[in-house]
Protein chains: 2
Amino acid sequence: MPSYSISELSHEFDITTRTMRFYESEGLLSPKRDGQTRIYAEADRVRLKLILRGKRLGLSLAESKELIDMYKPRGNNEAQLIKLLEKIRERKNILAQQLLDIQAMENELNGAEERCQEALNALSK
Amino acid sequence: MPSYSISELSHEFDITTRTMRFYESEGLLSPKRDGQTRIYAEADRVRLKLILRGKRLGLSLAESKELIDMYKPRGNNEAQLIKLLEKIRERKNILAQQLLDIQAMENELNGAEERCQEALNALSK
DNA sequence: TTACAGCTTGACGTTTACGTCAACGTAACG
DNA sequence: CGTTACGTTGACGTAAACGTCAAGCTGTAA
């Protein structure tokens, strides 16, 4: 099983060590320790990846934490499972909306790109 | 041409009037005035829509402002047009990444949904 | 006329997500 | 043995995006 130092992961994902310690203080990461030093396992690396993906989609750290914890249903209680399902579907709706937003924005960017290119062509003529 | 009061738009988009005034102070909106009172035209409404779409995709207000201003190329200077094109393509790359992120997250949510549903079925049996 | 509803401009407070020191420990290199 | 690299824990600072008063103006319905 591979393991990583804080700086290895921070380089890989292009974030600061401060950021990683902050994520830990917020309960998003919980690496093992060798004395004082943090030792990250592959599972920690995966969690970090998920956090950063969440960020790219505009999620807060709290939301990412919730989401990541959802992937492993630990609640065996029925009410909890139902609530979990609701949240999963909520998030899927948000994703669907984001998809629409992306498509709309892409269309507009394409239009802008065209107009921009035409303006450039007109100049070079 | 339709026009709107601040509260009309704030209700339509489910934001506070404070938010709209803040956007104005940040240069994202610039409604006309009737005396002191703000009067929003359709163009303002569209800009607001674009801002909120930007937010749903995780853009900062500054980024949304830049993006919206891009749709109407006012820079007739070549260097500016080239820079604009670069920014448009940058943003398109981000959108492409977001699309991948959405698909990945959707897959995981589907997996979680299934496991969750199975756990529920197992309970009710 | 008063009371309410809706508009305005400050000004300060708050949350999130880190940045930026400071001060210290430890292991290895020259 | 000093310094360089990498790690640690506080503690305070900061930018973004508003929230939350306060204090005041303005039209209109009772």
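Me: Two strands pair if DSSP finds at least two bridges between them. What is the strand order of the open sheet in chain A?

Reply: The order is S1-S3-S2, with antiparallel pairing. Strands (E, at least two residues) and helices (H or I, at least four) are DSSP runs, numbered from the N terminus. This is a predicted model: local features need pLDDT of at least 70, side-chain atom pairs count only at pLDDT 80 or more, and totals for chains, interfaces and linings use all residues. Residues are numbered from 1 along each chain as its sequence is written, chains are lettered from A and ligands numbered from 1 in the order written, and side-chain values use heavy atoms, without hydrogens and water.

Me: Which strands are at the edges?

Reply: S1 (3-4) and S2 (32-34) of chain A; each pairs on one side only. S1(A) meets S3(A), residues 37-41, over two antiparallel bridges. There, A:Ser3 stands opposite A:Ala41.

Me: Switching to chain B. Which residues of H1 are buried?

Reply: In H1(B), residues 6-13, they are B:Ile6, B:Leu9, B:Ser10 and B:Phe13. Buried means under 20% relative accessible area, exposed over 50%, partly exposed in between (1.4 Å probe, protein chains only).

Me: Why do they line one face?

Reply: Seen down the axis of H1(B), they fall within an arc of 100°, so they line one face of the helix. The arc is that of the directions from the helix axis to the C-beta atoms.

Me: What comes just after H1(B)?

Reply: B:Asp14, with a positive phi of about 55°.
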